[in-house]
Amino acid sequence: MGKDFWEIRSKEPDRVTILDTTLRDGEQSPGVSLTGAEKLEIAQQLARLGVDVIEAGFPASSAGELAAVQRIAETVGRGQGHAQRGGRLEPPGIAGLSRANRHDIDKTWEGVRAAKYPRIHIVLPTSDIHLKYKLEKTRGQVLQIARDMVSYARSLCDDVEFSAEDSTRTDRDYLFEVLDAVVDAGARTLNIPDTVGYAMPAEYGDLIRALCERYAARGDVVISGHCHDDLGVATANTLAAIANGARQVEVTINGIGERAGNACLLETVMALHTRKPFYGLETGIDRHEIGPTSRLVSTLTGMALQANKAITGANAFAHESGIHQDGILKNRSTYEIMEASELGLDQTGLVLGKHSGRNAFRAKLKELGFAMEDGELNRAFTRFKDMADNQKSVSEAEIRAICEMMESEREGAPL
């Protein structure tokens, strides 16, 4: 990214850098393949969302991928800024992933170099499992590769990130030895991936805290968290990393990614915002763009959101329980800790079913333009409950039909 970016970043100790890897790790979701045009459309929306760094892809993987990353770097990476940094709007940084070899690094630099803030992101396994079975190399050999390849990447680009793949299953002393070597070689960001979603929040937080303490005196090293959801704790681990000093996190829209996915950007950002008194930290995310970004990624990837997905799922702001509906009708803050409109989402509101209460039914009738006295309301509510007991929910059309039937009966009653 250029020295200017790091000068700004050093003056924002309470700011968490958001690296979005939807276009790289997210696209590795089984069954997902984005065209160059689709990747560009998502990158443009990520810029509007206000992410700090877009990991645009893996340039060495194919000619098409390289071309897509180049186009994003040349346009989004040099366009009108959306991310607020140091009191001014700037375009997001554009990163490309590279394995630890010169060919990949050269292709990555070719892909991102046109951006105002380019980044080369090198990944190299460090766990004994990966060294033995995947790389078939010794610790000493991998240490030398890490040092040499970061040094080479730094000769091309001011901003080099190093990921120690499978960090959470790596011997800690060896992990620190590798990280020390790449910092000396010029890496500015140290990413600590929980590659297989193995770590628990307490131990992942402890590892991040130890690294933050180790490099605190330098002032020019950022510790980054990157968590997978194999055990369902990716976002919890990411928040544990932040609480223990990480000032970059690598996340995806809707939590898509390899296997069970990655930590979710939307959940992470809204946890920091909603619990700001607890964390005391900021991001540059425009919350009004959360809904549109979530919908766009879901549409283009073909990965539908589960109804109960936090933040943007269909049920995230929906209420069927009569107790909850009564509270919502009196004050939304009784059962909602966020505002849907603030997230660019429609306010779902009350869903009428067998758990709904009389107050919610009365409110729905008023919304539909029907006014009833208590006795008539009770009879309509009884009919509604009979219907609700035999189906999952009752639609507005069915409620309207109940009311219209009651009106017909009223009009046909003898004088």
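At what angle do helix α4 and helix α6 pack, and how far apart are their axes? I started my notebook with that one.

**Ground rules.** I'm looking at a predicted model, where local features need pLDDT of at least 70, side-chain atom pairs count only at pLDDT 80 or more, and totals for chains, interfaces and linings use all residues. Residues are numbered from 1 along each chain as its sequence is written, and side-chain values use heavy atoms, with hydrogens and water left out.

**Entry 1: two helices.** I looked up α4 (residues 102–112) and α6 (residues 139–156), and they pack at about 25 degrees with axes 10 Å apart. Helices here are DSSP runs (H or I, at least four residues) and strands are too (E, at least two), numbered from the N terminus. The axes are lines fitted to C-alpha atoms, for helices over the stretch in contact, and angles run from 0 to 180 degrees between N-to-C directions. That angle makes α4 roughly parallel to α6 (under 35 degrees; over 145 is roughly antiparallel, 65 to 115 roughly perpendicular, the rest oblique).

I then noted who touches whom: Arg102, Ile105, Asp106 and Trp109 from α4, and Met149, Tyr152, Ala153 and Leu156 from α6. Contact means heavy atoms within 4.5 Å. By class, I wrote down 6 nonpolar, no polar and 2 charged residues (Ala, Val, Leu, Ile, Met, Phe, Trp, Tyr, Cys and Pro are nonpolar; Asp, Glu, Lys and Arg are charged; the others, Gly among them, are polar).

**Entry 2: a loop.** Next I went to the loop between β7 (160–165) and α7 (172–185), where aspartate 166 lies. Aspartate 166 counts as buried because its relative accessibility is 0% (buried is under 20% relative accessible area, exposed over 50%, partly exposed in between, with a 1.4 Å probe and protein chains only). Leaving aside neighbours within four places in sequence, aspartate 166 touches Ser127, His130, Pro193, Thr195 and Val196.

Serine 167 is in the loop between β7 and α7, and at 1% serine 167 is buried. With neighbours within four places set aside, its contacts are Thr126, Leu175, Asn191, Ile192 and Pro193.

**Entry 3: rings.** How many aromatic pairs does a search of the whole structure find? I got 1. It's phenylalanine 278 with tyrosine 279, edge-to-face, 4.9 Å centre to centre and 85 degrees between the planes. Rings of Phe, Tyr and Trp (its six-membered ring) pair if their centres lie within 6.5 Å; planes under 30 degrees apart are stacked, over 60 edge-to-face, the rest tilted. Phenylalanine 278 is exposed, at 56%.

**Entry 4: arginine 410.** I found arginine 410 in helix α16 (residues 396–412), partly exposed at 42%. Its C-alpha is 9.5 Å from that of glutamate 376, 34 residues apart along the chain.
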